[in-house]
Structures are given as structure tokens and as C-alpha cells.
Amino acid sequence: MQVKIITVDDHPLIRSGIRLTLLSRKEAYELVGEASSGKELLSLLRKGIKPDVVLLDVIMPEMSGIEVVKILRREYPEIAILMLSSESNQKTILELMKIGIDGYISKNYTNYELFQAINNVKDGFEYFGRDIAKIIYEIRVSKNKLSDGIFTQRELEIIDLCGKGFSTKEIAEQLFLSARTISNHKQHIFSKMGINNKYEMIKYAMEKGLIAFH
């Protein structure tokens, strides 16, 4: 089944680039709408066009991306929101995370990263690009002063089991949780560490003494 997508950006070239990228994988993705502003997006939604994922810029005329996210979360909570923006300061990212976005990547994305991000948020997982994840990590470090409390006990258990070579499915069985729950925990761990894959997580954990060399 194709993932239905609406892009929202006031720059025609950006929308065109995304359109061509999605067309290269048209068996997997369908662009069901394009909008140059938040108001145009809401008009499309109220006409009955319902995407699985909205690709949304932060800085737009008339209505900011933050304002649009607030409306989407209130009126269309089932739609996954993936921010795709060159705006990446701590204040903006922190505010968007508080509202409840599903993902955030830079406009300097690779096609692989865009597809990975879309698939993750469509399936209910978070996805933050490497540069965004680093900013999130800096935010959390500034709040936690890099104390031992930066990770929950459950997250430390998952980090340890990953370091021992267990798969997501095996960890889920050991902790009596679903594989999806474990994947969600791992995404939160990645965000806190400022990385985006298991191997970097293990390297980080070893360097910080969270797990021992096996």
C-alpha cells in the first residue's frame, strides 16, 4: 500500500524536488497534495484529502509551521508530521517536540534519509536526522547536565542488551514487551545520544561506560 503524502513549503523548487524524489519510488509513495502555506494545507484537508504523512516546513507566510502543527495535532491527530526544514535552532525544535511532531530532518536530506523518515513516522515511530538529533541531545544535556539520570532504567536495560548483541525481537521477548515498544525506546535513546543507529549507540555507550566491552 502506498504512503499518501502532502508537502507544505512556500518554495516551488523545494516542492518540485520532493515531487520528483517521490515519483522515483511511485510504487511506494503517492503525493496526494501540495501546499504553499498552512492555510492551503488546511483547505486540502477540509476538502477530504487525507494523507498518512505531512511534510511540513517551519518558516512559511501567513501561518508558521508551529501554528500548523498545533492545529494538526488538535484536528487531525492521526496524521504523522515530518518537519523538513533548514530552520534548526534549539528553541524551535524544543517547541515543536513539546507540541508533538513525529520527525524532523534537514532540507539537506539524502533520498534514503527522506524515505527512511517517511516510513518511520508513518509506522508510528519517531525519526530525527543526524544534525537535528545532535541539537536534541544538546538540549537534553543542558537540562540534565549529563547526569546519570539522562537515561531511564528501561533505556539502560535496552542499551545493555543491544550491546550484548540481542535483536529487537529478542529484547522484546526478554523484557515482555512488544517489538514496537522496544523500537520506540531505541528511537528515544538515539535522540538523547544524538545518533541514529544501533552501532553508534553501542559505541557511545561503551565510551560513556554505560556498557562494558563484550
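Biologist: Why does Glu62 count as exposed?

Modeller: Exposed means over 50% relative accessible area, buried under 20%, and partly exposed in between (1.4 Å probe, protein chains only). Glu62 has 61% relative accessibility, so Glu62 counts as exposed. This is a predicted model, in which local features need pLDDT of at least 70 and side-chain atom pairs count only at pLDDT 80 or more, while totals for chains, interfaces and linings use all residues. Residues are numbered from 1 along each chain as its sequence is written, and side-chain values use heavy atoms, leaving out hydrogens and water.

Biologist: Is Thr92 buried or exposed, and how do you know?

Modeller: Thr92 sits in helix α4. Its relative accessibility is 12%, so Thr92 counts as buried. Setting aside neighbours within four places in sequence, Thr92 is in contact (heavy atoms within 4.5 Å) with Val58, Ile66, Glu87 and Tyr104.

Biologist: And what makes Asn108 buried or exposed?

Modeller: A relative accessible area of 70%, so Asn108 is exposed. Asn108 lies in the loop between β5 (103–106) and α5 (111–122). Its C-alpha atom is separated by 30 Å from that of Ile159, 51 residues apart along the chain.

Biologist: Which residues of α7 are buried?

Modeller: In α7 (residues 153–163), they are Glu155, Ile158, Ile159, Leu161, Cys162 and Gly163. The buried residues of α7 pack against α8 (168–175), α9 (179–193) and α10 (198–207).

Biologist: What makes a set of residues a nonpolar core, and which members touch the most others in the largest one?

Modeller: The members must be buried Ala, Val, Leu, Ile, Met, Phe, Trp, Tyr and Cys residues, joined through side-chain atoms within 4.5 Å. The largest nonpolar core has 30 residues, and Leu41, Leu56, Met83 and Tyr104 touch the most other members. Elements that each supply at least two residues of this core include β1 (3–8), β3 (53–56) and α6 (130–144). Helix α3 gives the most, with five residues. As for Leu56, leaving aside neighbours within four places in sequence, its contacts include Val8, Val68, Ile81 and Met83.

Biologist: How do you know whether the radius of gyration of the chain agrees with a compact globule?

Modeller: The radius is taken over C-alpha atoms, and the globule rule is 2.2 Å times the number of residues to the power 0.38. For 214 residues a compact globule would have a radius near 17 Å; the chain has 18 Å, so the chain agrees. The C-alpha trace spans about 55 × 35 × 30 Å along its principal axes, and 45% of the 214 residues count as buried.

Biologist: How many helices and strands are there in the chain?

Modeller: Ten helices and six strands. Of the contacts with a separation of 6 or more, residues 24 or more positions apart account for 66%.

Terms used:
Helix = DSSP H or I, 4+ residues; strand = E, 2+ residues; numbered from the N terminus.
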